[in-house]
There are 2 protein chains.
Amino acid sequence: MTADPLPSWNECGAKRGILSFLARVTDDASPDFVPLPERVAVFDNDGTLWPENPIPFQAAFGFDELRRRVNGEPALGDSPMVQAALAGDFGALLEDGYSGLREVIELTHAEVTADAFRDTVEAWLATARHPRFGRRYDDLTYQPMQELLRLLEQAGFKNFIVSGGGTDFMRVWVERVYGIPHERVVGSSARASFDLRDGVPVLTKSLEHLFVNDKHAKPVGIHQFIGRRPVICCGNSDGDHAMLQYTTIGNPRPSFGLIVHHTDGEREYAYDAVTESTGKLVAALAEAPARGWHVVDMKRDWNTMFSPPEP
Amino acid sequence: MTADPLPSWNECGAKRGILSFLARVTDDASPDFVPLPERVAVFDNDGTLWPENPIPFQAAFGFDELRRRVNGEPALGDSPMVQAALAGDFGALLEDGYSGLREVIELTHAEVTADAFRDTVEAWLATARHPRFGRRYDDLTYQPMQELLRLLEQAGFKNFIVSGGGTDFMRVWVERVYGIPHERVVGSSARASFDLRDGVPVLTKSLEHLFVNDKHAKPVGIHQFIGRRPVICCGNSDGDHAMLQYTTIGNPRPSFGLIVHHTDGEREYAYDAVTESTGKLVAALAEAPARGWHVVDMKRDWNTMFSPPEP
């Protein structure tokens, strides 16, 4: 008998489901065998691989960065939207078709070189701490999902992040934290510009042709960046509904859908239909039984929540 | 003494250069050692891995496909631009800011499902033959470059295509022909749309947010799709100039630039400054000596031109 590859998972339908799915698709004598190049697994990030509360981690970065910017350039603080952001009034930022949010993103994620942005995110990760858990943000990943990532790798799968988070933000830490290389990160992104400054190549971030990789855009991003239909899809909210459908409905290959359901207010957060912004899980949850998507009850199905702290 | 890993290359500066570069960057005792995740090599396709004459192969596909479409829908033939395309009048398509070319691309590459487009390209490849060499287009790749791709793989590099060609067009055959997986193809692409038709997920191609991956856009595409600065860049025209600069100027890692110079009118085509459209090589060639980019003289440096025909 071999060791349990998913020790942080209690016995549950999702655990049994993934193990039997992998046994079928990797057995070349099975009619469900999936050839190696087609072993594509996609994972949402916020709420699926790491938490998205009390606010999405990239929003925490944005607000901290805004505070830092306003300290250096007080005139920025004259903007009502900057004031709303600094006061934590997320609602105001979402009014008027998200125009405030766009202003904050523009200030913190654009008109900066790609190198400088990476350095800013690194510096933030090194000092910022999650308000409830007191740990580095990039140290707060779900241990059961880390085990799943490793198991899939061992089964010959390529793991991809397919997240509404910013691609440039995620690439700073995703390889170190998940073992996922940069080119397997599909997030929200835009078109940088390239020029030579004093003879040296410089890439500058912008919001030109912004691609917001959420909801119906996720299958679009998968097509444009990965170019292959996934056979495994893991998400946690209605933002992942379309990619769950794309992965599992009418796929000529066997497929597997999984929804991480946030039910554990003690060890993490309990939410689904409660929140009005990120993490709403209503339509996908309702469709799960008919589609055979496995719903993970975090409180019941996971015996460990977070990965051990980095030494 | 081990076998020559580049047998189709004669002794030349480019061959010596790549072998000594690989020896340095893979030796972990060398100050030039490059860790595995950073071993990124980018290759242009048209004119670098396969020919681009008498017309780029994707243009040949487009014109053949246009002919097929007009046969079924004769009204399409009323358009002056369609007539120009069918007459092979490439110049007319490029007038007015490429508006004719866009019309042809729209007709042949958009408003079609991603699955149907793939099937169309497969069907074309199966029947179309190169007018001079009489072989399948996807069977006409440069043997010396195939050897280089294999050598880099063995040295732990990830090879990426960074081409002006269409991503969806290339992904149909690139894995079979070059051993390069779909997610490592950075080409021209646009935003598809996703919906459920009769309950079944469908991706439909469009020209929305078209990204033309050429010239200054190549480093932009590398940033957005790969997210890592390459250390090896191979191209053949001024369309690759910016990515050669991005790879080699001010790179904190050792880097290697290579230009395939089309000098062999007997076995292939001799062109550089002659052509006015694809394949012009003037500025990058002029800058090569100062930058240390290796220029491959195809006639002199390659003892074999094409890969052996598939059985």
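Predicted model: local features only at pLDDT ≥ 70, side-chain atom pairs only at ≥ 80, totals over all residues.

Q: How many residues of strand β2 of chain B are buried?
A: Nine of the nine (residues 158-166), so the strand is largely enclosed by the rest of the structure. Buried means that 20 or more other C-beta atoms lie within 10 Å of the residue's own; exposed means 12 or fewer, partly exposed is in between, and C-beta atoms are placed from the backbone.

Q: And which residues sit on each face of β2(B)?
A: One side has B:Lys158, B:Phe160, B:Val162, B:Gly164 and B:Gly166, and the other has B:Asn159, B:Ile161, B:Ser163 and B:Gly165. In general, side chains in a regular strand alternate between the two faces of the sheet.

Q: OK, chain A. What's the strand order in the open sheet?
A: The six strands run β3-β2-β1-β6-β7-β8, with parallel pairing. β3 (185-188) and β8 (294-297) of chain A are at the edges with a single partner strand each, so one side of each has no neighbour in the sheet. From one strand to the next the twist averages 15°, where axes are lines fitted to C-alpha atoms, for helices over the stretch in contact, and angles run from 0 to 180 degrees between N-to-C directions.

Q: How many bridges join β2(A) to β3(A)?
A: Three, and the two strands run parallel. A:Gly166 stands opposite A:Ser188 of β3(A).

Q: What about the largest nonpolar core: how many residues?
A: It has 126. A nonpolar core here is a set of buried Ala, Val, Leu, Ile, Met, Phe, Trp, Tyr and Cys residues joined through C-beta atoms within 7 Å. Those with the most contacts inside it are A:Val42, A:Phe160, A:Ile161, B:Val42, B:Phe160 and B:Ile161.

Q: What does A:Phe160 touch?
A: Leaving out residues up to four places away in sequence, A:Phe160 touches A:Val40, A:Ala41, A:Val42, A:Phe43, A:Arg184, A:Val186 and A:Ile226. Contact means that the C-beta atoms of two residues, placed from the backbone, lie within 7 Å.

Q: How is chain A divided into domains?
A: Into domain 1 (13-54 + 139-301) and domain 2 (57-127); the bounds come from an automatic or database domain assignment. Their centres, taken over C-alpha atoms, are 26 Å apart. Contacts link 15 residues of domain 1 of chain A with 17 residues of domain 2 of chain A.

Q: Switching to the two chains, how many residues are in contact?
A: 35 of chain A with 34 of chain B. On the chain A side, α9(A) gives the largest share, six residues. By class, that side has 17 nonpolar, 12 polar and six charged residues. Ala, Val, Leu, Ile, Met, Phe, Trp, Tyr, Cys and Pro count as nonpolar, Asp, Glu, Lys and Arg as charged, and the others, Gly among them, as polar.

Q: Is helix α9 of chain B buried or exposed?
A: Buried: 10 of the 10 residues of α9(B) (residues 217-226) are, so the helix is largely enclosed by the rest of the structure. B:Gly227 follows α9(B) with a positive phi, near 75°.

Q: And A:Asp96, buried or exposed?
A: A:Asp96 counts as exposed, because it has 11 C-beta neighbours inside 10 Å. A:Asp96 lies in helix α4 (residues 90-109) of chain A.

Key:
Residues numbered from 1 in each chain as written. Chains lettered and ligands numbered in written order. Pairing = 2+ DSSP bridges. Helix = DSSP H or I, 4+ residues; strand = E, 2+ residues; numbered from the N terminus.
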